[in-house]
Amino acid sequence: KIFTDKGVPSSGEAALAELDGHPIVELLTGYRSTQKMLSTYIEGWKEYMVGPYLFLSTKIHGTVTGRFSSRLHQVPRDGTIRNLIEAPEGWTFVQADLSQAELRIAGIVSRDPELIRCYAKGIDVHWRTLQVLRMGGSSHDLQMAYRTVQVYQDRKSEDTPQIMSEVLDILEAMGPDEAIKINEAWKEKRKQSKGINFGYIYGMGAKKFVEYAKLKYQWEVELSKSEDIREGFFHLYSALPSWHDRQRQLVKIDGEVRNLAGRRRRLPGIWSPDRAVSSECERQAINAPVQGFIGDFKAMGMLSLHDHIPQNLLQIKAEVHDSVLMWIRSDRLDDILPRVKFHMENPDLIKELGIELSIPLVVDIEVGTWGAGTTWKGN
């Protein structure tokens with residue numbers, strides 16, 4: 001048995017790991033999760049509430065990269081708590097989210113031709129990344145690709161090619177929606193592809209990716225496969241490694257890096273004799289300009305909403321990660337939503353600062369209760 005500091009039996013992760021396979025593990029895990037939600041968000045928020053309204057502060061300089069920070073950022077994405085938050089009568093809750101902002105900005109600053117091509121032609125980048133199957137795919141992955149294409153070609157009365165490169169070309173052209181209709185397993189594959197993108201976009205090593213994939217995506221990847229995937233990823237997005245090297249050299253020279261808006265991230269630790277410290281500064285030199293510009297672009301969008309749309313029609317309530325949360329008058333949604341999208345995608349300060357974006361930053365809008373609304377398709 002494992003005990004807590006107070007001498008009582010522990011139900012922590014280490015203790016539950018020793019009970020692997022016992023039915024009580026799932027029950028205890030569920031109980032711990034529910035208890036944390038209750039204590040942190042339901043009971044924990046009471047002191048910040050006035051009637052049905054929750055008041056949480058936001059620090060506009062709360063992180064070193066330039067992103068805002070707030071207790072609201074801690075709310076899990078699964079909807080358990082988010083779905084409790086909505087707008088008052090006469091208003092509608094709206095979330096405006098910068099879609100794939102990290103990948104888009106990484107494509108802009110790296111000038112990667114494949115990322116630029118994908119976003120210019122509306123190609124799903126997560127689906128495109130599945131092309132690393134050409135170098136790192138298992139026999140099971142390739143067989144699934146062949147069977148999926150075979151079904152797809154049969155429906156079109158066309159022969160299935162026998163050369164695997166042609167099979168993968170057809171699979172890519174099909175897109176995720178068609179592939180998932182044929183085999184639901186492609187949904188999980190696309191999720192894994194997101195893990196590849198967000199893992200390797202900043203230059204993560206193959207060994208670190210094995211841990212990252214397991215922790216973030218519950219995906220068991222062998223080191224040899226991780227190495228193959230990494231090689232395939234940087235073969236596909238060939239300008240990323242030179243961007244990584246460029247950022248490392250810049251920070252070694254200047255002790256700082258800047259994002260597209262000119263925000264500085266000072267990293268004097270790059271000159272430290274401690275290799276662990278200098279290595280972390282190298283990682284931040286790559287990561288910070290992307291993360292910082294997401295925060296700056298989102299802030300620019302919020303300013304444009306404030307300047308162009310009256311508060312009796314739209315009220316900005318919070319921001320969370322890549323999203324802006326707001327209330328919009330229910331009887332004016334059809335009029336206001338297109339304006340929200342336009343001003344968040346084309347904030348005034350972008351033009352004033354002379355920032356040119358080779359890849360457009362796109363906003364997706366969800367209308368209704370936070371995390372449980374419907375996607376707005378536009379007019």
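Predicted model: local features only at pLDDT ≥ 70, side-chain atom pairs only at ≥ 80, totals over all residues.
**Entry 1**

Five strands form an open sheet in the order 8-9-5-10-11, and their pairing is antiparallel. I noted strand 8 (314–320) and strand 11 (374–375) as the edge strands, each of which pairs on one side only.

I then followed strand 5 through its two neighbours. With strand 9 (residues 323–329), strand 5 pairs in the antiparallel sense over seven bridges. I recorded two positions along this pairing: Trp91 has Arg329 as its bridge partner in strand 9, and Val94 stands opposite Met326 in that strand. With strand 10 (residues 363–367), strand 5 makes an antiparallel pairing over five bridges. There I found Asp97 opposite Asp364 of strand 10.

How many residues of strand 5 are buried? I found seven of the eight buried, so strand 5 is largely enclosed by the rest of the structure.

**Entry 2. Aromatic pairs**

I examined the pair formed by Phe209 and Trp219, which is edge-to-face, with 5.8 Å centre to centre and 90 degrees between the planes. This pair links distant parts of the chain, 10 residues apart: Phe209 lies in helix 10 (residues 206–217), and Trp219 lies in the loop between helix 10 and helix 11 (223–236). I checked the accessibility of both residues and found Phe209 and Trp219 buried.

Ring pairs join Phe209 and Trp219 with Tyr200, Tyr212, Tyr217, Phe233, Phe234 and Tyr237 into a cluster.

**Entry 3. Salt bridges**

I counted charged pairs next, and the structure holds 23 salt bridges. As background, side chains of opposite charge can pair when their charged atoms come close.

The side chains of Arg263 and Asp296 meet in a salt bridge at 2.7 Å, N to O. The two residues are 33 apart and link distant parts of the chain, with Arg263 in the loop between strand 6 (256–258) and strand 7 (264–266) and Asp296 in helix 13 (residues 275–308). Is Asp296 buried or exposed? I recorded Asp296 as buried because its relative accessible area is 10%, whereas Arg263 is partly exposed at 35%.

Glu43 and Lys46 form a salt bridge in which the closest N and O atoms are 3.2 Å apart. I found Glu43 partly exposed, with a relative accessible area of 42%, and Lys46 likewise counts as partly exposed, at 49%.

Lys341 and Glu345 are four residues apart in helix 14 (residues 333–345), so about one helical turn separates them. Lys341 is partly exposed, with a relative accessible area of 26%. I also noted a network in which salt bridges that share partners join Asp245, Arg248, Lys252, Arg275 and Glu282.

**Entry 4. Cysteines**

I searched for disulfides with a cut-off of 2.5 Å between cysteine sulfur atoms, and the count came to zero. I looked up the accessibility of two cysteines as well. Cys118 counts as buried because its relative accessibility is 0%. Cys281 also counts as buried, at 9% relative accessibility.

**Entry 5. A nonpolar surface patch**

Which residues make the nonpolar surface patch of about 250 Å²? I found Leu38, Ile42 and Leu84 there. I placed Leu84 in the loop between strand 4 (69–70) and strand 5 (91–98). Leu84 counts as exposed because its relative accessibility is 54%, and the threshold for that class is over 50%.

Technical notes. Residues numbered from 1 in each chain as written. Heavy atoms only, no water. Patch = residues over 30% accessible without salt bridge, like charges linked within 9 Å, V, L, I, M, F, W, Y side chains within 5 Å. Areas by Shrake-Rupley, 256 points an atom, 1.4 Å probe, with all protein chains shown as cover. Salt bridge = Lys/Arg side-chain N within 4 Å of Asp/Glu carboxyl O. Buried < 20%, exposed > 50% of the residue type's maximum accessible area, 1.4 Å probe, protein only. Pairing = 2+ DSSP bridges. Phe/Tyr/Trp six-rings, centres within 6.5 Å; stacked < 30°, edge-to-face > 60°.
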